[in-house]
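Subject: Structure handover

Dear colleague,

Please find the structure below, with its sequence. My notes on it come after.

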Amino acid sequence: MTDFDPAQHRMIPTQRWFEDFVVGERFVLPSRTQTTAVFAAFQTASGDTHPVHYDVEYCRSRGMPHLLAHGFQTLIHTAPGAGLFPFMVEESLVGFLEQSSRFLKPVFADDTIYPALEVTELVPGRTTGAVTLKSTVFNQRKELVLEGVQKFLIRRRPG
């Protein structure tokens, strides 16, 4: 392949700008089963060693069916980088402005979670705009376990 151009080697060939987003647009992120390996990886990364997250017998003695996921362990699955969003805005993304979440129901080991992001607000500025994404995570029982907000500053289309 003699005409290869690394600049054209992209997950999403057409870049998006602030004007290209629409309220109600959804970005589905991969579902993931919260295996004990995920719990161990989160413990390593977070340094959290409370037994409610890592000792099955401790959890069972307190009436829980299995290990209880840390709220942040559930939250990390809403990272836009798990999906296509950051590839769409490689040239237009200025920054991640804010994030907030509410943890509504427990997530236990062996639960499967289904995260998604949805555009809920677009606030234009002169050269950029704020894109607000509602984050949601459901479990395999169709229960909403997390909801939140993420805001990004995105450049307007040049010229």
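Predicted model: local features only at pLDDT ≥ 70, side-chain atom pairs only at ≥ 80, totals over all residues.

Residues are numbered from 1 along each chain as its sequence is written, and side-chain values use heavy atoms, with hydrogens and water left out.

Overall

There are four helices and six strands in the protein; helices (H or I, at least four residues) and strands (E, at least two) are DSSP runs, numbered from the N terminus. Their order along the sequence is β-β-α-α-α-α-β-β-β-β. A box of roughly 65 × 40 × 30 Å, taken along the principal axes, holds the C-alpha atoms.

Of the 159 residues, 38% are buried. Buried stands for under 20% relative accessible area, exposed for over 50%, and partly exposed for values in between (1.4 Å probe, protein chains only). The protein exposes about 9,000 Å², with carbon and sulfur atoms supplying 56% of that area; areas come from the Shrake-Rupley method with a 1.4 Å probe, and for residues only the protein chains shown count as cover.

For contacts (heavy atoms within 4.5 Å), the count between residues at least 6 apart in sequence has 71% joining residues at least 24 apart.

Strand pairing

Two strands pair if DSSP finds at least two bridges between them. Strand β4 (residues 112-124) pairs antiparallel with β1 (residues 26-28) through three bridges. β4 also runs antiparallel to β2 (residues 32-33), with two bridges between them, and antiparallel to β5 (residues 128-139), with 11 bridges.

Arg32 has Ile113 in β4 as its bridge partner.

Loop residues

Which residues does Leu67 touch, not counting those up to four places away in sequence? They are Thr36, Phe39, Val52, His53, Tyr54, Asp55, Val56, Cys59, Val107, Phe108 and Ala109. Leu67 lies in the loop between α2 (56-60) and α3 (71-75) and is buried, at a relative accessible area of 5%. The C-alpha atoms of Leu67 and Arg102, which are 35 residues apart along the chain, are separated by 20 Å.

The loop between β3 (93-103) and β4 holds Asp111. Asp111 is buried, with 6% relative accessible area. Leaving aside residues up to four places away in sequence, Asp111 touches Arg32, Thr33, Gln34, Pro106, Gln140 and Arg141. Asp110, in the loop between β3 and β4, is partly exposed at 48%. Its backbone deserves a check: phi of Asp110 is near 80°, a positive value in a residue other than glycine.

A positive phi also occurs at Lys142, a residue other than glycine, where the value is near 65°. Lys142 sits in the loop between β5 and β6 (144-155) and counts as exposed, at 72% relative accessibility.

Aromatic rings

Rings of Phe, Tyr and Trp (its six-membered ring) pair if their centres lie within 6.5 Å; planes under 30 degrees apart count as stacked, over 60 as edge-to-face and the rest as tilted. This rule gives six aromatic pairs. In one of them, the ring centres of Phe27 and Phe85 are 5.5 Å apart and the planes are at 70°, so the pair is edge-to-face. Phe27 belongs to strand β1 and Phe85 to helix α4 (residues 85-88), so this pair ties together parts 58 residues apart in sequence. Phe27 is buried at 8% relative accessibility, and Phe85 is buried with a relative accessible area of 2%.

Phe85 also pairs with Phe152: the ring centres are 5.2 Å apart and the planes are at 50°, so the pair is tilted. Because Phe85 lies in helix α4 and Phe152 in strand β6, the pair ties together parts that are 67 residues apart in sequence. Phe152 is buried as well, at 6%. Phe21, Phe27, Phe85, Phe96 and Phe152 form one aromatic cluster.

Regards
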